[in-house]
Amino acid sequence: MIALIRYSLATVLHTQRYLAPLLLFTGLMGVLTVDGSGPLPPAYASSAGALFVAATWLTTALLGLDSPEQRAILVVGTGRPAKVLVGSVATALIGCLALMVFGLLFPLWVGSYDPGPADLLLGAVAQLTCACTGIAIGLPCSRLVFSRQGHALLVALVLVMAFLFARGVPPVNRLFRLMATSSDSAALLAPATGMLAVAFGLLLASACATQYLSARRG
């Protein structure tokens, strides 16, 4: 598994497929979090939203790195197709964790906040929730399932917009509404952790569905 992750990281760095989602993330962070003040939950909701969109794009980019022939070689080398998919998911999570650190610190650097431990923990939980949800969307919207990338992009856009703006839809919109209406980070930790559990469930279900659909397609 470590070898798969190292291979994926080396490939994405060499091909620079990370640049577009990285630029999108930093651009959204700059627009949504500059010169903020007051309670931190709304600011961290903004950074989590930026990570949600970037995670979706990063995942589709990661799963599009290898041609079908190269992926077949990886599957033969590992012995299990699911192991290759898990390696891609782990690589996407590592990339999101790196962005998460920036998402936690950047609002504090450019804004006027007085953060406490509960604020930082809530920000981490919110961003991890959005990262898992973004990866869950990116998996089935990749070339493993869609042969035409235009169709994959359309489905990804619909899903991202639905999770962001459909009222009360867990975990993303529900979490953002909670963070927008309360300034007490400690009180938000319990429901935010519940949304994180929902996001993990979505990611697991998405990975299983993607593996099944890609096997049927192959």
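**Figure 1. Helix H9 in the predicted model**. Helix H9 covers residues 185-217, 33 residues in total. From its first C-alpha to its last, H9 reaches 45 Å, close to the 48 Å expected at 1.5 Å a residue. A kink of about 30° is centred on Pro191. At the start of the helix, the backbone nitrogen of Ala186 has a side-chain oxygen of Asp184 within 3.2 Å.

Figure 2. Gln127 counts as buried because its relative accessibility is 0%, where the cut-off for burial is under 20%. When residues up to four places away in sequence are not counted, Gln127 touches Ser47, Ala48, Leu51, Leu99, Met100, Gly103 and Leu104.

**Figure 3. The second largest pocket and its lining**. The volume of the second largest pocket is about 350 Å³. Its lining consists of 16 residues, and those nearest the pocket centre are Thr56, Trp57, Thr60, Leu153 and Ala156. Helix H3 (41-63) and helix H7 (149-165) each contribute at least two residues to this lining. The most is given by H7, which supplies six residues.

**Figure 4. Tyr18 in the loop between helices H1 and H2**. Tyr18 is located between helix H1 (2-15) and helix H2 (19-33). With a relative accessible area of 27%, Tyr18 is classed as partly exposed. Apart from neighbours within four places in sequence, the residues in contact with Tyr18 are Val12, Leu13 and Leu58. Tyr18 and Ala50 are separated by 32 residues in sequence and, C-alpha to C-alpha, by 15 Å in space.

**Figure 5. Backbone geometry at Gln16**. Gln16 lies in the loop between H1 and H2. Although Gln16 is not a glycine, its phi is positive, at about 60°. Most residues other than glycine have a negative phi.

**Figure 6. The cis peptide bond between Pro170 and Pro171**. Pro170 and Pro171 are joined by a cis peptide bond, for which omega is about 0°. Most peptide bonds are trans. Pro171 occupies the loop between H7 and helix H8 (172-181).

Technical notes. Residues are numbered from 1 along each chain as its sequence is written. This is a predicted model: local features need pLDDT of at least 70, side-chain atom pairs count only at pLDDT 80 or more; totals for chains, interfaces and linings use all residues. Side-chain values use heavy atoms; hydrogens and water are left out. Helices (H or I, at least four residues) and strands (E, at least two) are DSSP runs, numbered from the N terminus. The expected span of a helix is 1.5 Å times one less than its number of residues. The bend at a residue is the angle between axes fitted to the seven residues ending there and the seven starting there. A polar contact is a pair of N or O atoms within 3.5 Å; within protein, one must be able to donate a hydrogen and the other to accept it, and residues adjacent in sequence count only if both atoms are side-chain atoms. Buried means under 20% relative accessible area, exposed over 50%, partly exposed in between (1.4 Å probe, protein chains only). Contact means heavy atoms within 4.5 Å. On a 1 Å grid over the protein atoms alone, a cavity is a set of points where a 1.4 Å probe fits but cannot get out, and a pocket is an open set with protein on both sides within 12 Å along at least five of seven lines; lining residues have an atom within 4 Å of a point. Grid points are joined across faces, edges and corners, and a volume is the space filled by probe spheres set on the points.
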